[in-house]
Amino acid sequence: MTEYAARRPLPTSPFKARTEAPPKRFAVGDRVTHDAHGLGRVIGVEGGGDTAVLVDFGSRQERITPPYTPMHKL
């Protein structure tokens, strides 16, 4: 079985190296919007935001876990 080295861009390459987006961080009191649940306010953070975020959407409270792709801070 042959192992291959990880690809790395050359410094002179015209193509940009892929960069990872920084992880989303939420704090208690942040206003957020969620693609499925709508507008809400963060009322709890578990594990510094690495575990889950508790959000009050008015009619219900939801525990949102990473990745927080559909949720954005306002």
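## Fold and basis of the model

The chain contains zero helices and five strands, both taken as DSSP runs numbered from the N terminus (H or I of at least four residues for helices, E of at least two for strands), and along the sequence the pattern reads β-β-β-β-β. This is a predicted model, in which local features need pLDDT of at least 70 and side-chain atom pairs count only at pLDDT 80 or more, while totals for chains, interfaces and linings use all residues. Residues are numbered from 1 along each chain as its sequence is written, and side-chain values use heavy atoms, with hydrogens and water left out.

## Overall dimensions

The radius of gyration of the chain is 18 Å, whereas a compact globule of 74 residues would have one near 11 Å; the radius is taken over C-alpha atoms, and the globule rule is 2.2 Å times the number of residues to the power 0.38. Along its principal axes, the C-alpha trace spans about 55 × 30 × 20 Å.

## Burial and the nonpolar core

Of the 74 residues, 20% count as buried (under 20% relative accessible area, with exposed over 50% and partly exposed in between, for a 1.4 Å probe and protein chains only). The largest nonpolar core has nine residues, among them Phe 26, Val 32, Val 42, Val 55 and Met 71; such a core is a set of buried Ala, Val, Leu, Ile, Met, Phe, Trp, Tyr and Cys residues joined through side-chain atoms within 4.5 Å.

Not counting residues up to four places away in sequence, Val 32 touches residues including Phe 26, Val 42, Val 55, Met 71 and Leu 74, a contact meaning heavy atoms within 4.5 Å.
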